[in-house]
Amino acid sequence: EILRCLVGSEMCIRDRRDYYYRLEIESIANIILQKYNINNKINPVIIANNLNLKTMEANLSHNNIIGILDINNNSIIVNASDDIFNKRFYVARLIGHYVLHVKGFNNTQNKVIKNKYRYNLYRDSVTTLQFNVIYLESFYFALNLLLPKDIFLHAKANGIQLHHTNFDVTETIFGMRLNYL
């Protein structure tokens, strides 16, 4: 199984599948954190900027849209009316789409996956989008980017109790991360 992932001008090289394994997604998120020397409070806006993605807020016209990855303009847009915890997670998810599905390399088709110029995140992905693999992958990527597994394992080994406010995420997202340790 081949996995070399350097973020930026390099591509992620995978074996002959159309999806990522969970460990691959964890590795890619960790590589990004290491590449940009991020080891304390993780700011997804800074990570996006390091990936040459502009981040901005806007009043998105469709109420169910919570974020947009606009590939043509190298930008991430989140809904201005959402709270800061959710905005951080949405930016991380859209970075996941960018890294996994735009910059990713799909060997079965031997080409960069650029069949979409825009990814929309919806408030209720299950009913709106028929929950598919790329949305699950971006979700899992965001969990690993904002809440790295190593921090949880280190805290557990040292008897340190963590709280969602340590990571500036919602209690729900924090609980989901605990389920995937």
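In this predicted model, the largest nonpolar core comprises 41 residues, and those with the most contacts inside it are Ile47, Ile76, Ile95, Phe141, Leu145 and Leu147. At least two residues of this core come from each of helix H1 (22-35), helix H2 (44-50), strand E3 (65-70), strand E4 (75-79), H3, H5 and H7. The most is given by H3, which supplies 10 residues. In soluble globular proteins, nonpolar side chains tend to be buried together.

Ile95 illustrates the contacts around one of these core residues. Beyond its neighbours within four places in sequence, Ile95 is in contact with Pro44, Ile47, Ala48, Leu51, Ile76, Phe141 and Leu145.

Helix H3 also holds Arg88. Arg88 is buried but forms no salt bridge. The nearest side chain of opposite charge belongs to Asp168, 4.4 Å away, whereas a salt bridge requires a side-chain nitrogen of Lys or Arg within 4 Å of a carboxyl oxygen of Asp or Glu. The side chain of Arg88 instead reaches the backbone oxygen of Ile42 at 2.8 Å. When neighbours within four places in sequence are set aside, the contacts of Arg88 are Ile42, Asn43, Pro44, Leu146, Phe167 and Asp168.

Helix H7 spans residues 171-179, with Ile173, Phe174 and Arg177 buried. Viewed down the axis of H7, the buried residues lie within an arc of 100° and therefore line one face of the helix. These buried residues pack against helix H3 (84-102), helix H5 (133-146) and helix H6 (149-157). On the face of H7 turned away from the buried side are the exposed residues Glu171, Thr172 and Asn179.

Methods. Residues numbered from 1 in each chain as written. Predicted model: local features only at pLDDT ≥ 70, side-chain atom pairs only at ≥ 80, totals over all residues. Heavy atoms only, no water. Buried < 20%, exposed > 50% of the residue type's maximum accessible area, 1.4 Å probe, protein only. Helix = DSSP H or I, 4+ residues; strand = E, 2+ residues; numbered from the N terminus. Arc of directions from axis to C-beta. Contact = heavy atoms within 4.5 Å. Lys, Arg positive; Asp, Glu negative; His and termini not counted. Polar contact = N/O pair within 3.5 Å; in protein donor to acceptor, adjacent residues only side chain to side chain. Core = buried A, V, L, I, M, F, W, Y, C linked by side-chain atoms within 4.5 Å.
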